[in-house]
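Hello,

Here is the structure I said I would pass on. My notes follow it.

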Amino acid sequence: MYDIIIVGAGPAGLTAALYARRAGHTVLILEGGVPGGQAATTPNVENWPGTPAIGGADFAMNLYQQVQDLGAEVTFAAVTGLRDEGAVKTVLAGEQAFQGRAVILANGVRRRKLDVPGEERLAGSGVSYCATCDGGFFRGRDVAVIGGGNTALEDAVYLSALCPTVWLIHRRDQFRAERHLIDALAGKDNIKFLMEHRVLEIRGEHQVEALRLVGPEGETTLPVAGVFAAVGLIPDNAPFSPPVELDQGGYIRSGEDCATNVPGVFAAGDTRTKDLRQLVTAAADGAAAASRAGQYLGLR
């Protein structure tokens, strides 16, 4: 029996563990992937207060090590369900069941897929959702990045150091990314723009060979060896609902106090309803959720 079970070892979950352990609570972290969440796959973190720049992997591992040093337990298992049993909450991970008096859901979000023919078949064979993870496999070959937000532009800049040509394909006529990322494109001559274009199909027999696109002038075929999809994020909260309430977009209904509709269950970070999803707001949520969970435990 743990005081607090935390689902997710991203910045929100790890910060929650940090504050919970400092308050003297026993903590179990359940993580189905790698520690650090999306931060671990970000080339550089440049908006963390007091730190001009740090590699995403270094940022994630520093936080993970800090939490481990404080004595938080970590089990690598994908959570598949949540049961509210009043004073006890049971978190399911496959055939395993973990019990705690409070739960913090900090499972983050996952990359949205393009949902076009060829994507599933060629996943891992030229189709990727993480440029920093897989970019090295495409050194010396032309690739495409799909999307117009921060992640897409970060991916394009990262890949421009590895690939002769990086095609940045966006369905709109303007990027949605932050200004400093848009400015960074200006110095990258090998990043080529295809605005107002959509991917219709990813082609290739055993590996990605080309994209079929449609734009203002009709359909065209673009030869590339790799496709990096960066078209947004979606929550993965089905394992928690019911009993936890979700909004129409699938995010957990929760305010700045991080409380959900279930007493003793809290939500932190990108997984909950909020306007801004950044590292600093994830960490703030983690601290708030741990504090609220501690108050809840103190009333039991």
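**The loop between E18 and E19**

Ser254 sits in the loop between strand E18 (233-235) and strand E19 (265-267); helices (H or I, at least four residues) and strands (E, at least two) are DSSP runs, numbered from the N terminus. This is a predicted model, in which local features need pLDDT of at least 70, side-chain atom pairs count only at pLDDT 80 or more, and totals for chains, interfaces and linings use all residues. Residues are numbered from 1 along each chain as its sequence is written, and side-chain values use heavy atoms, with hydrogens and water left out.

Ser254 is buried, with a relative accessible area of 8%; buried means under 20%, exposed over 50%, and partly exposed in between (1.4 Å probe, protein chains only). Leaving aside residues up to four places away in sequence, Ser254 touches Ala259, Ala267, Arg272 and Thr273, where contact means heavy atoms within 4.5 Å. Val244 is ten residues from Ser254 in sequence, and their C-alpha atoms are 9.9 Å apart.

Most residues other than glycine have a negative phi, and most peptide bonds are trans. Against that, a cis peptide bond joins Ser241 and Pro242, with omega about -10 degrees. The bond from Pro242 to Pro243 is also cis, with omega near 15 degrees. Cys258 is buried, at a relative accessible area of 0%.

**The loop between E13 and E14**

Glu196 lies between E13 and E14 and has a positive phi of about 55 degrees, although it is not a glycine. Glu196 is partly exposed at 43% relative accessible area, whereas His197 is buried at 15%. His197 is in the loop between strand E13 (191-195) and strand E14 (198-203), and its side chain reaches the backbone oxygen of Met195 at 2.6 Å. Residues touched by His197, not counting those up to four places away in sequence, include Ile169, Arg171, Leu213 and Pro216.

**The chain**

The chain has six helices and 19 strands, and 50% of its 300 residues count as buried. Its C-alpha atoms fill a box of roughly 65 × 40 × 30 Å along the principal axes. Of the contacts with a separation of 6 or more, 58% come from residues 24 or more positions apart.

Regards

How values were computed. Polar contact = N/O pair within 3.5 Å; in protein donor to acceptor, adjacent residues only side chain to side chain.
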